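Dear colleague,

I am passing this structure on to you, and below it you will find some notes on what turned up. Please read them with the model open beside you.

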Amino acid sequence: MKSSTLIVKNARQVLTMRSDQDGPRTREHMEDVGIIEDGAVAVSEGKIVAAGKTKEVLGQIKIDDKTNVINASNKVVLPGFVDCHTHPVFAATREEEFEMRIKGRPYQEIAAAGGGIKSSVRTLRVASKQELVELTLPRLDRMMSYGTTTIEAKSGYGLSLDDEIKMLEVIEELNRLHPIDLIPTFLGAHEIPEEYKDRRDEYIRLIVEKMIPEVAKRKLAVFCDIFCEKGVFDIEESRKILGAAKGHGLKLKLHADQLTALGGSKLAAELGAVSADHLEFIDDEGIEMMKQAGVIGVLLPGACFGLGMTEYPPARKMIDQGLPVALATDFNPGSSMTESMPMILSMACLMMKMSPAEALVASTINSAHAVDSAEEVGSIEVGKKADLVIWNVQDYREIPYHYGVNLVHQVIKKRGIFPQDEGANKG
Ligand code: NIG
Ligand code: FE
């Protein structure tokens, strides 16, 4: 009999996210949440060792006085969310821009006038590593309190060799300090910094010849991303930067077709990117090319909501055409100031007509694929990390339905239980 350090039992529903389909889920498989009623999950050494009906699991597992037994009756258990697109490290919030946008000034106009990303660059450059770590930790706490256990985290507010490295080192330090797992992405091509305004080719050369080789050599990032957008980096420039990143062994992501139909989604397909993100203005050809090339579409409805846009990505069309879709917060101080994945699920259901099951698959197993980590996280399966969230609901559909509130009961991550139970065994 297997021994176990922790068992969650009697759950009204355990959503394992298991499916017959391997790889990222598509079409009707995006409805496969793998429900077990009266379910249990057993954990040992931070890994899942059994999942099934409570009776079956209890029959397989040896329980002793060291086993921490959590009764989840009248609750639902899910794998932790994988928030596969975030910009969590920043030095200052930008609520003045929020108010300007409400009063009618568009995001791109604020950016062109020196606000936007450039404003975050100015404040980040004068902040120390220690300050950035301290500012980001409570944001990670908030993410975890809403059920997120893994995030992808981007640089991109430094835009100089030293400041981009500083951001990636902050992400590395946060990974050591916080239970959440952070997957680092280099986003030196987020914007052309002010001092290179009239010398954009020189900045691109700096990225290609200095930043990417240094980031790759020091293994500070797993992915390289770019803001491929009209007025930021065009298709040709994006191809050059991402080509260099690929040559240095970085995996690729793109901010694509967010504000205009520039064709970033097609470039993602051409370059074999792991994901293309945003996609508000993608066309049918872009969807087809991404599908053929196995690129995941990461949808960020929080950025549409946060910018007051009326266009949301065509999620229904993507799913119906067979493109695997993932969801993320895009947490950042400019366009999407939220750490809450449940809020993103509500938007996905209401604004993009995804079903609750599709939205959950998109934020767990598919978002795990979008960060190339599905071997480890994204579903409740034997051998994967025991990243579990116990929800104060009777039915998983309540999570997107009951919006704007936190229905998380407890998060199990890295052998800790948050918030800690009275008398719980940390095993
Ligand atoms: O994902 N699109 C580019 N980057 C962010 C916004 C960053 C900012 O405004 O600070 C986004 O929406
Ligand atoms: Fe983003």
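The expected span of a helix is taken as 1.5 Å times one less than its number of residues, where helices (H or I, at least four residues) and strands (E, at least two) are DSSP runs numbered from the N terminus. For the 17 residues of helix H6 (residues 161-177) this gives 24 Å, which agrees with the 24 Å between its end C-alpha atoms.

This is a predicted model, in which local features need pLDDT of at least 70 and side-chain atom pairs count only at pLDDT 80 or more, while totals for chains, interfaces and linings use all residues. Residues are numbered from 1 along each chain as its sequence is written, chains are lettered from A and ligands numbered from 1 in the order in which they are written, and side-chain values use heavy atoms, with hydrogens and water left out.

The iron ion (ligand 2) has as its protein donors (N, O and S atoms within 2.8 Å of the metal, or 3.2 Å for Na, K and Ca) His85 (NE2), His87 (NE2), His255 (NE2) and Asp330 (OD), which lie 2.1 to 2.3 Å from it. Because His255 lies in strand E12 (residues 251-256) and Asp330 in the loop between strand E15 (325-327) and helix H13 (341-352), the pair ties together parts that are 75 residues apart in sequence. His255 is buried (under 20% relative accessible area, with a 1.4 Å probe and protein chains only), at 3%, and Asp330 is buried as well, at 2%.

An oxygen atom of ligand 1 lies 2.8 Å from an N or O atom in the side chain of Asp330.

With kind regards

Terms used. Buried means under 20% relative accessible area, exposed over 50%, partly exposed in between (1.4 Å probe, protein chains only). A polar contact is a pair of N or O atoms within 3.5 Å; within protein, one must be able to donate a hydrogen and the other to accept it, and residues adjacent in sequence count only if both atoms are side-chain atoms.
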